[in-house]
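The tour below goes from one selection to the next.

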Amino acid sequence: MISVKSERELEVMRRAGRITAKARELAGRMVRPGVTTREIDKAVHDYIVSQGAKPSFLHYGGYPASACISVNDVVIHGIPDKRVLREGDIVSVDVGAYWGGFHGDCAATFACGNISPEAKRLIEVTKQSFFEGIKFARQGNRISDISHAVQSYVEANGYSVVRSYVGHGVGSEMHEAPEVPNFGNAGRGPRLVRGMTLAVEPMVTEGTYEIRVLKDKWTVVTADGKLAAHYENTIAITAGDPEILTVTGE
Ligand code: MF3
Ligand code: CO
């Protein structure tokens with residue numbers, strides 16, 4: 001069952017989305033050499049709580065933090081710890097906030113100081129692949145129209161999309177139906193209907209798309225040790241262009 005949100009529910013999701021987007025922005029501003037990932041996590045936690053919201057990830061399936069902070073070859077689900085960020089790192093920050101009974105979910109990859117031109121291009125292609133994908137997030141299209149557009153853009157740029165993790169519906173639960181893969185043929189999957197809310201989240205790798213999960217059972221790394229980037233927003237399907245809910249409004 002794919003839940004369809006009413007305009008009143010969407011209004012609540014805009015508020016949850018704004019809090020989530022502001023937490024991502026705050027985290028991005030903290031990414032610089034010398035900062036620990038735990039310090040960024042604490043700031044994200046404190047900001048979300050200060051807004052009367054709850055960090056969606058904290059204790060989710062036993063996850064121990066409010067943000068996922070994934071550095072360099074870590075694709076997703078990096079657990080914040082005492083790791084000190086260094087010049088040249090690329091740092092993916094994924095955050096979720098629960099407010100008024102609904103979740104926002106968003107992520108982005110940030111540069112720590114000066115990064116290589118190759119890393120910069122990976123971050124830009126990953127972000128743009130989200131926007132290429134959501135060009136197809138329109139009432140009447142099918143889920144995999146988004147998937148196909150993301151994959152085509154990423155691969156045309158010489159990168160790979162992760163297969164083992166996918167985007168998802170989002171609403172009163174952080175993970176709802178349907179799955180939103182970042183790969184596949186167009187024209188498959190459920191039809192998009194106004195009021196559906198989706199987390200579209202390309203995970204892009206420099207090398208192969210194979211991943212490995214570390215012994216902590218969370219941290220997902222590239223199998224070949226090359227860089228990965230992530231970009232995600234919560235969107236709503238409308239009668240026209242999709243609406244991005246995880247925006248700061250500034
Ligand atoms: N933002 C992630 C997702 O899109 C969720 C993080 S997993 C958690 O699925 F356990 F940390 F919550
Ligand atoms: Co997500």
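This is a predicted model: local features need pLDDT of at least 70, side-chain atom pairs count only at pLDDT 80 or more; totals for chains, interfaces and linings use all residues.

Colour by accessibility and Thr205 comes out as buried, because its relative accessible area is 0%, under the 20% cut-off. Display its side chain next, and you will find that it reaches the backbone oxygen of Thr208 at 2.9 Å. If you then select the surroundings of Thr205, leaving aside neighbours within four places in sequence, the residues in contact with Thr205 include Leu122, Tyr159, Ser160 and Thr222. For a distance to check in the viewer, take the C-alpha atoms of Thr205 and Thr126, which lie 8.9 Å apart in space although 79 residues separate them in sequence.

From Thr205, move to its contact partner Ser160, which lies in strand 6, residues 160–161. Ser160 counts as buried at 14% relative accessibility, and its side chain reaches the backbone oxygen of Gly207 at 2.7 Å. Not counting residues up to four places away in sequence, Ser160 touches Val154, Met203 and Tyr209, among others.

Finally, select the cobalt ion (ligand 2), which is coordinated by Asp105 (OD), His168 (NE2), Glu201 (OE) and Glu232 (OE) at 2.1 to 2.3 Å. Are His168 and Glu201 buried or exposed? His168 counts as buried at 5% relative accessibility, and Glu201 counts as buried at 8%.

Definitions and conventions:
Residues are numbered from 1 along each chain as its sequence is written. Chains are lettered from A and ligands numbered from 1 in the order in which they are written. Side-chain values use heavy atoms; hydrogens and water are left out. Donors are N, O and S atoms within 2.8 Å of the metal (3.2 Å for Na, K and Ca); water is not among the atoms, so sites may look incomplete. Buried means under 20% relative accessible area, exposed over 50%, partly exposed in between (1.4 Å probe, protein chains only). Helices (H or I, at least four residues) and strands (E, at least two) are DSSP runs, numbered from the N terminus. A polar contact is a pair of N or O atoms within 3.5 Å; within protein, one must be able to donate a hydrogen and the other to accept it, and residues adjacent in sequence count only if both atoms are side-chain atoms. Contact means heavy atoms within 4.5 Å.
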